[in-house]
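Me: I have a model open and want to learn how to read its features. Can we go through them one at a time?

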Amino acid sequence: MVPASVYGRAYGFERMMDNLGAIGGPLLALGLVSLVGVRTAILLSVIPGVLAALSILYAIRHLPRVTSRERTQLKITVRPLLRGRLGQVLLGVSSFEASNVAATLLILRATHTM
């Protein structure tokens, strides 16, 4: 729905709003439950859900139709990243995880024998 030049900004906005909802939603639900009770809070939570679904349907129906789009081939290069500091960090994390496997397997074995 946004021009290609602002994809990053649009994605950042979407992630920000998702995280805000993940934090604010439970807090709002907690306040609502303390005010009106669980049953009424669940019934009231249907209203924003229906409004969200209707707004998504409205946005989908009013999007301009794209007739054609330029295709660019995606090329991911990892090797230059691994040669720098990121490679050193990944080597350290990988070494730690490889040494941690023994403890994990020990815990797994203990849960199976008990």
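**Reading the surface and the helices**

Reply: Start with L51, which counts as exposed at 53% relative accessibility. Keep in mind that this is a predicted model.

Me: Why does L51 count as exposed?

Reply: Exposed means over 50% relative accessible area. L51 has 53%, so L51 counts as exposed.

Me: Which helix holds L51?

Reply: L51 sits in helix α3.

Me: Which residues make the nonpolar surface patch?

Reply: L35, V36, L44, V46, I47, V50, L51, L54 and L57 make the patch, with an area of about 820 Å². Helix α3 covers residues 46-61, and both α1 and α3 supply at least two patch residues each. The largest share, six residues, comes from α3.

Me: Is Y7 buried, partly exposed or exposed?

Reply: Partly exposed lies between the cut-offs of under 20% for buried and over 50% for exposed. Y7 has a relative accessible area of 48%, so Y7 is partly exposed. Y7 belongs to helix α1, residues 7-36.

Me: How far apart are Y7 and Q73 in sequence and in space?

Reply: Read the two separations side by side. Y7 and Q73 are 66 residues apart in sequence, and 17 Å apart in space from C-alpha to C-alpha.

Me: Where is the kink in α5 centred?

Reply: On N100, with an angle of about 35°.

Key
Residues numbered from 1 in each chain as written. Predicted model: local features only at pLDDT ≥ 70, side-chain atom pairs only at ≥ 80, totals over all residues. Heavy atoms only, no water. Bend = angle between axes of the 7 residues up to and from the residue. Helix = DSSP H or I, 4+ residues; strand = E, 2+ residues; numbered from the N terminus. Buried < 20%, exposed > 50% of the residue type's maximum accessible area, 1.4 Å probe, protein only. Patch = residues over 30% accessible without salt bridge, like charges linked within 9 Å, V, L, I, M, F, W, Y side chains within 5 Å. Areas by Shrake-Rupley, 256 points an atom, 1.4 Å probe, with all protein chains shown as cover. Salt bridge = Lys/Arg side-chain N within 4 Å of Asp/Glu carboxyl O.
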